[in-house]
Amino acid sequence: MATLGQWVEGARPRTLPAAIAPVLVGTGAAAAADAAHLGKAALALVVALALQIGVNYANDYSDGIRGTDEHRVGPFRLVGSGAARPAAVKAAALWSFVAAGVTGAALVAWSGHWWLFAVGALAIAAAWYYTGGRNPYGYRGLGEISVFVFFGLVAVAGTTYVQADRLTWTSLVSAVAIGCLACALLLVNNIRDIGTDTVSGKRTLAVTLGEQRSRMLYVLLMTAPFLIVAALAVTGQPWGALTLLCAPLAVVTTLPVVRRAMGRDLIPVLKRTGMTELAFAVLLTVGLAVG
C-alpha cells in the first residue's frame, strides 16, 4: 500500500503552478476590467487544481499499465514503482475529475453561462485521453498543444469570463503568455524522458522534434512570455512590466537546458520551470490589478 507521502508525490506537486498561474492571471485581467470576484476565482482555482491532479494520476495509471514508466528517471510514479494498485490510481484520477466537474458545475451555475458546461466536459476528456484510451494523443506529440489550449487559453480567458461576463484583450494576450510557460513545463519533462519514451513507443513532441530542436523550443517558450508582456505594457498595461523581475529566474532555469543537461539533472529544471511560471503569474496579476 502506498503511503500518504507517496500519494502526494504521485500527484506531482511540482506541476501544480500550471493550474494556479492561469487562475491568478485570469483574475488579474478581470480586476483590470473592474470585475474581479474572489469567490468565483476560488472556485476556478479548485477546478484547475483538481484537473491538474487528475491528469497527473491518470498519466501515472495509463503510462504504468502500458509499461512506459518501467525505466523512467523522472519523479516517483505510483503504478510504475509498484507502490499502488493500478485500479487505486485510476480511481484517484476519476475522483479528481469528479471534484473538478462538481466544482465547475457550481461555478457555471453561479456565472449563468451554461454553455461553459461543454468547455468543462472537453477539459476533462482532454485530461483523460492525454495518455488514456486506445489512442492517447499524448503519444502522438499533441500534449503541448492541449496544455496550451486548456492551461493557457481556456483557463486564463475562462477565469476572466466567469468574473467579468466578457473576454478582454488583456486576458487573451495574457493567456498566450501563460500557455507558453505551461507548455515549457511539459516540454522539459518530455525532454528528460526522450530516451525511455523512444524505447517504449511514446512519441511525444520532444521525441518527434529530437533533442536539439526540443531544447531550442523550450528556450523560445521561456522567452516568449516576456516579449508578449512587454508588448502588453506598451499598449495600455504598463505595470505588466513587473514580470521582468522574474526574468533572472527564467534565465537560471533555462541554462541547464541550453547546456544539454540530461536525465535526472533535468528534474530540478522541472521544479524551477513551475516556479518561474508561478512567479511570472503573480507579478503579472499584481501588474494587471494595479494598472
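**Entry 1: helix H3.** I began with H3, which covers residues 38-66, has 29 residues and runs 42 Å from first C-alpha to last, close to the 42 Å expected at 1.5 Å a residue. That expected span is 1.5 Å times one less than the number of residues. Helices here are DSSP runs of H or I with at least four residues, strands are E runs of at least two, and both are numbered from the N terminus. Just after H3, I found Gly-67 with a positive phi of about 85°.

**Entry 2: ground rules.** I am reading a predicted model, where local features need pLDDT of at least 70, side-chain atom pairs need 80 or more, and totals for chains, interfaces and linings use all residues. Residues count from 1 along each chain as its sequence is written, and side-chain values use heavy atoms, without hydrogens or water.

**Entry 3: H2 against H8.** How do H2 and H8 pack? I read an angle of about 170° between H2 (residues 17-32) and H8 (residues 169-192), with axes 10 Å apart; axes are lines fitted to C-alpha atoms over the stretch in contact, and angles run from 0 to 180 degrees between N-to-C directions. The pair is therefore roughly antiparallel (over 145 degrees). Contact (heavy atoms within 4.5 Å) involves, among them, Ala-21 and Val-25 of H2 and Ser-174 and Ile-178 of H8.

**Entry 4: whole chain.** I looked up the secondary structure and got 13 helices and 0 strands. Buried residues (under 20% relative accessible area, 1.4 Å probe, protein chains only) make up 54% of the 291 residues. The C-alpha atoms fill a box of roughly 50 × 45 × 30 Å along the principal axes.

Note on methods: Parallel < 35°, antiparallel > 145°, perpendicular 65-115°, else oblique. Buried < 20%, exposed > 50% of the residue type's maximum accessible area, 1.4 Å probe, protein only.
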